[in-house]
Amino acid sequence: MTKALIFDVDGTLAETEEAHRQAFNDTFQANGMDWHWDVALYGQLLKTTGGKERMAAYQQGQRADEPQLDQTRIEELHLQKTKRYGAILAEGGLSLRAGVADLIARASKAGLRLAIATTTSRPNVGALTQCCWGKPPEEIFEVIATGEQVQAKKPAPDLFELALMRLGLPASDCLAFEDSRNGLLAATRAGLRTIVTPGQYTGDEDFSGAEKVIPSLVGFRL
Ligand code: XBP
Ligand code: MG
């Protein structure tokens, strides 16, 4: 029997990647850098999960013949990017994907426990729940596992394993919700059955191994 639902955030709860992309580009511009990530390039860069890791992968892969930013500078820039992302979401205009609010409300009413396993950071989860629910994340999710709390981000299983540990449940009692191949790999490596709702940037990915691949969570039966 399913006792808990574990949700990814970016791409699964809401289509957040355009806000992330804008926050990266605004940060690069504000720092006088000539980096600009358009939609096509960002689609490739998303294969690397985590914003700091994405910046490092970009400079190693596509700016290799230029002076390299060190880890401290990447961290400074990423901190600015997180602030910018929070400001973009605070302006409003981002909504949950179809079916998400309803599923979470039904699950909660049915006594299911709710958790998050996301590569992004805790402030960004708060920015999203405030923007979409008008509430802090702890009022909706009992367990919140975020990128800065683990050694290895998705596709490693660490984030889902952390969520399971905090729930105190075996993977067989839980169901994961993801939108990307990296997320699916992370969840299945943690032993979880996984429902995939492909999103804006992940529609053409390989989702073999998923329990179900569906266009949205509208009407999802628990
Ligand atoms: C989402 C991500 C995140 C965001 C950026 O992955 O890869 O890195 O794009 O977030 P998933 P940060 O949905 O699989 O968790 O810049 O805060 O790292
Ligand atoms: Mg995702």
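## The shell around ligand 1

Helix α1 gives the most to the shell around ligand 1, with three residues. Helices here are DSSP runs (H or I, at least four residues; strands are E, at least two), numbered from the N terminus. This is a predicted model, where local features need pLDDT of at least 70 and side-chain atom pairs count only at pLDDT 80 or more, while totals for chains, interfaces and linings use all residues. Residues are numbered from 1 along each chain as its sequence is written, ligands are numbered from 1 in the order in which they are written, and side-chain values use heavy atoms, without hydrogens and water.

There are 18 residues around ligand 1, each with a heavy atom within 4 Å of the ligand. Gly51, Arg54, His78, Lys81 and Thr120 come nearest. The shell divides into two nonpolar, 10 polar and six charged residues. Asp, Glu, Lys and Arg count as charged, and Gly is among the polar ones.

## Polar contacts and cover

For histidine 78 the distance is 2.7 Å. For aspartate 8 it is 2.8 Å. For lysine 154 it is 3.2 Å. The protein covers 97% of the 450 Å² of accessible area that ligand 1 has on its own, by the Shrake-Rupley method with a 1.4 Å probe.

## A cis bond at lysine 154

What kind of peptide bond joins lysine 154 and proline 155? The bond is cis, with omega about 15 degrees. Most peptide bonds are trans. Proline 155 lies in the loop between β3 (143-146) and α7 (158-167).

Technical notes. Polar contact = N/O pair within 3.5 Å; in protein donor to acceptor, adjacent residues only side chain to side chain.
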